[in-house]
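Student: I'd like to talk through some side-chain contacts with you. Could you put the model up first?

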Amino acid sequence: MALIVHKYGGTSMGSVERIQNVAKRVAKWMRAGHQVVVVPSAMSGETNRLLGLAKDINPDANPRELDQIASTGEQVSSGLLALALLREGVDAVSYAGWQVTVHTDSSFTKARIKSIDDKKILADLNAGRAVVVTGFQGVDPDGNITTLGRGGSDTSAVAMAAALKADECLIYTDVDGVYTTDPRVCEDARRLDKITFEEMLEMASLGSKVLQIRSVEFAGKYKVKTRVLSSLTDPLMPLAEEMKSGTLITFEEDSTMEAAVISGIAFARDEAK
């Protein structure tokens with residue numbers, strides 16, 4: 001039995017059907033005997049919608065209230081996923097970041113995680129429950145809800161895996177791994193079976209959108225075994241096959257990786273000199 005953290009992005013949570021597919025996938029892991037913590041993003045487009053409403057009401061909205069508003073997107077998706085898991089016959093419970101607790105500093109809209117309490121989560125896991133925890137958010141020392149900035153759910157998931165000493169953090173997204181370059185631009189791009197944290201950090205800093213750069217830094221610092229894989233595959237695919245899919249981000253180079261001079265090419269479309 002392993003303790004696994006799953007993270008699902010906005011596209012993966014983008015509709016009722018996709019949330020139900022996520023629930024089927026999580027249920028498969030649970031029935032195989034694993035303990036699972038799920039960190040979902042808000043449904044695709046929801047954060048932009050909420051912040052747009054705030055700006056319509058007050059173009060000069062202060063950051064504290066923006067965090068109060070933006071955090072609700074993940075709370076909705078977490079609750080919906082818990083309901084979908086219960087319908088799948090899996091005992092599940094959802095928590096907001098302030099309920100767990102994910103402690104952050106007070107930098108509204110771009111907060112940094114300071115620590116995560118693991119007692120409540122571990123108690124639920126040991127009781128056989130799937131635990132769904134909102135990504136992207138936490139609470140500051142004064143009890144204010146904070147958000148981690150764009151892409152913060154990746155960081156939430158890796159931080160959760162580090163705090164729980166999880167066996168692996170699986171980042172489910174709308175692509176099936178890390179490619180040598182953008183496959184939408186270069187048809188010869190190929191998926192990497194594995195890449196080092198240093199290489200992934202370099203690619204993220206140069207424009208690769210697969211993982212948020214802070215999450216890669218976190219994973220490298222706390223040695224969190226991380227894999228990027230697709231949520232758009234059949235949720236009932238054999239577990240052994242799924243566990244080997246995507247791209248594994250490794251801690252150290254091996255002999256085969258040392259032979260590769262270039263692992264990938266990242267670029268920004270809007271940059272010119």
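Student: Is Arg49 buried, partly exposed or exposed?

Tutor: Arg49 is partly exposed, because its relative accessible area is 45%, and here buried means under 20%, exposed over 50% and partly exposed in between, taken with a 1.4 Å probe on protein chains only. Bear in mind that this is a predicted model, in which local features need pLDDT of at least 70 and side-chain atom pairs count only at pLDDT 80 or more, while totals for chains, interfaces and linings use all residues. Residues are numbered from 1 along each chain as its sequence is written, and side-chain values use heavy atoms, with hydrogens and water left out.

Student: OK, and which side chain does Arg49 meet in a salt bridge?

Tutor: Its partner is Glu46, at 2.8 Å from N to O, where a salt bridge is a side-chain nitrogen of Lys or Arg within 4 Å of a carboxyl oxygen of Asp or Glu. Both residues belong to helix α2 (residues 46-57) and sit 3 residues apart, about one turn of the helix; helices (H or I, at least four residues) and strands (E, at least two) are DSSP runs, numbered from the N terminus. Glu46 is also partly exposed, with a relative accessible area of 22%.

Student: How many salt bridges are there by this rule?

Tutor: The count comes to 10. Among them is the one between Arg64 and Glu65, again given as 2.8 Å from N to O; Arg64 has a relative accessible area of 32% and is partly exposed, and Glu65 counts as partly exposed at 33%.

Student: What about Arg191, what does it pair with?

Tutor: Arg191 forms a salt bridge with Asp193, and the closest N and O atoms are 3.5 Å apart. Asp193 counts as exposed because its relative accessibility is 57%, whereas Arg191, at 30%, counts as partly exposed.

Student: Switching to rings, how many aromatic pairs does the structure hold?

Tutor: There are 2 aromatic pairs, a pair being rings of Phe, Tyr or Trp (its six-membered ring) with centres within 6.5 Å, called stacked when the planes are under 30 degrees apart, edge-to-face over 60 and tilted for the rest. Tyr8 and Tyr172 are stacked because their ring centres lie 4.7 Å apart and their planes meet at 10°.

Student: And where in the chain do Tyr8 and Tyr172 sit?

Tutor: Tyr8 is in strand β1 (residues 3-8) and Tyr172 in strand β9 (residues 168-173), so that the pair links distant parts of the chain, 164 residues apart. Tyr8 and Tyr172 are both buried.
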